[in-house]
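Thanks for coming, everyone. I'll walk you through one structure today, piece by piece. Please look at the screen.

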Amino acid sequence: MNAATQANLQFYESFAPLYPTVYSLFDTNEMVMQWLRILEDDGFVSGADGRNEDRPKLLDVACGPGNFLAAWASNGFDVTGVDSSPTMLRLAAVEWKRSRPNEPCRLVRANLCDPDSLGELRDSFDLAVSHSHLPNLFHPEDLPALFQSVANCLRPGAIWAVDHSRIVGNLPVGEDEHAITATAKLLRVCGYDEVRHECTQSWTGDGFEGRETYWFIDIEQLDKIALQRGLRLRRRMEWKPNRTDKPFVPLRTESERLFSVYQRQ
Ligand SMILES: C[S@@+](CC[C@H](N)C(=O)[O-])C[C@H]1O[C@@H](n2cnc3c(N)ncnc32)[C@H](O)[C@@H]1O
C-alpha cells in the first residue's frame, strides 16, 4: 500500500471519535432515498415490494461510523458494513444497536487495499454502496486493489454505487471551522498540489491534529482500472445532494461531484 494511503487509514482511526459530530449535518436518510430512487428507476435494484419479499444483500464499503447502515436497512436491505478502522466500527456497532436493537449487526474489519482481507465476504452481495468520496481517498497506485476488493464481494451482475469528486474548475483550497462541542472548534485547512493532483486537508483543535489526502485522477483512467478489475461503468450522473427536488443531472464538463454505478461482469 502506498505510504500516503496508509497515512489516510491512520488519520481515520484517530479522527473517528470526532467524525460523527463534524459530519452530523448530513441527512443520511435523504441521501439514501436519492440513491435508491435512481437505482430503482434504472432497474438496478428491485422496488420496495420485491425487497420486502427477498431482502437484497447490501455491503456498505468503508461504512465509517455507520451513518448510512440503518437508512439502507429500513429500506429493505440486508446490510453489512466493512471498514479498516476499529474505532469507526465500534461507533457503527453502537449506532446500529441504538437504531435497530433487535437485529444482528454485521460489521467486518478489512483493508480495501488488500483484497484477501475481504475473503469472508466473497461473491456475497447484490449491491455495494460507498458514501463520501471513497475512490478519492486512495493513492492512484492503490485504486486497482480497491476495485478488486469491491468486485470480489459482488455477485456477477451486482452493482457498486459510489460518489466521488473531480476537479474541473474550483480548486479545493481554503479553511473553515467546525464546532465539536459548545466551546471547542476544529480548524480545517485545505491545500492543493497542482503537480501531484493531491489535496491535503489538515484538522487542528481541541488537542487533535491530523491530515488526510485526496487524489483526483481522470475519470477515464478510473473507469479503465475498474474494467480491468471486472467492473464496467453502467451509469454516471452529476450529484447535487442539496437539490432534493432533482438531485441528479446529466454529466457536464463542469460536473465536480459524481455518482457512478459499476456492474460486476
Ligand atoms: C470519509 S470516511 C466515510 C465514512 C462513511 N462512508 C460515511 O460516508 O460517513 C472514509 C472511511 O473509509 C475508511 N477507509 C479508508 N481507507 C480504507 C481502506 N483501505 N480499507 C477500509 N476502509 C477504509 C475509513 O476508515 C473511513 O471510515
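Strand β8, residues 198-205, pairs with β9 in the antiparallel sense over eight bridges. Strands and helices here are DSSP runs, numbered from the N terminus: E, at least two residues, for strands, and H or I, at least four, for helices. Two strands pair if DSSP finds at least two bridges between them.

Before I go on, a word on the source. This is a predicted model, where local features need pLDDT of at least 70, side-chain atom pairs count only at pLDDT 80 or more, and totals for chains, interfaces and linings use all residues. Residues are numbered from 1 along each chain as its sequence is written.

Which sheet do β8 and β9 belong to? An open one of four strands, in the order β6-β7-β8-β9, with antiparallel pairing. Its edges are β6 (174-179) and β9 (208-215), and each of these pairs on one side only. Neighbouring strands are turned by 20 degrees against each other on average, direction ignored. Helix α1 packs on this sheet and touches β8 and β9. The direction of α1 makes about 135 degrees with that of β9. Angles run from 0 to 180 degrees between N-to-C directions, with axes fitted to C-alpha atoms, for helices over the stretch in contact. Contact means C-beta atoms, placed from the backbone, within 7 Å.

Stay in the loop between β8 and β9 for a moment, where Asp-206 sits. Its phi is near 55 degrees, a positive value in a residue other than glycine. Most residues other than glycine have a negative phi. Is Asp-206 buried or partly exposed? Asp-206 counts as partly exposed, because it has 14 C-beta neighbours inside 10 Å. The cut-offs: buried takes 20 or more other C-beta atoms within 10 Å, exposed 12 or fewer, partly exposed in between, all with C-beta atoms placed from the backbone.

Asp-123 also has a positive phi, about 55 degrees, and is not a glycine. Asp-123 is in the loop between β3 and β4. It is exposed, because 12 other C-beta atoms lie within 10 Å.

Now the other sheet. This one is open, with eight strands in the order β3-β2-β1-β4-β5-β12-β10-β11 and mixed pairing. The edge strands, β3 (107-109) and β11 (248-250), each pair on one side only. From one strand to the next, the twist averages 25 degrees. β1 (residues 57-61) and β4 (residues 125-130) pair in the parallel sense over three bridges. There, Leu-59 is bridged to Ala-128 of β4. Helix α7 (residues 143-153) lies across β1, β4, β5, β10 and β12, at about 140 degrees to β5.

What about the core? The largest nonpolar core has 60 residues, and Trp-72, Ala-128, Val-150 and Trp-160 touch the most other members. Seven of the core residues come from α7, the largest share. A nonpolar core is a set of buried Ala, Val, Leu, Ile, Met, Phe, Trp, Tyr and Cys residues joined through C-beta atoms within 7 Å. Trp-72 touches Phe-77 and Val-129, among others, not counting residues up to four places away in sequence.

Last, the ligand. It is surrounded by 17 residues (C-beta atom, placed from the backbone, within 6 Å), the closest being Tyr-12, Ala-62, Gly-64, Ser-84 and Ser-132. Helix α1 (residues 3-15) gives three residues to this shell, the largest share.

Technical notes:
Two residues are in contact if their C-beta atoms, placed from the backbone, lie within 7 Å.
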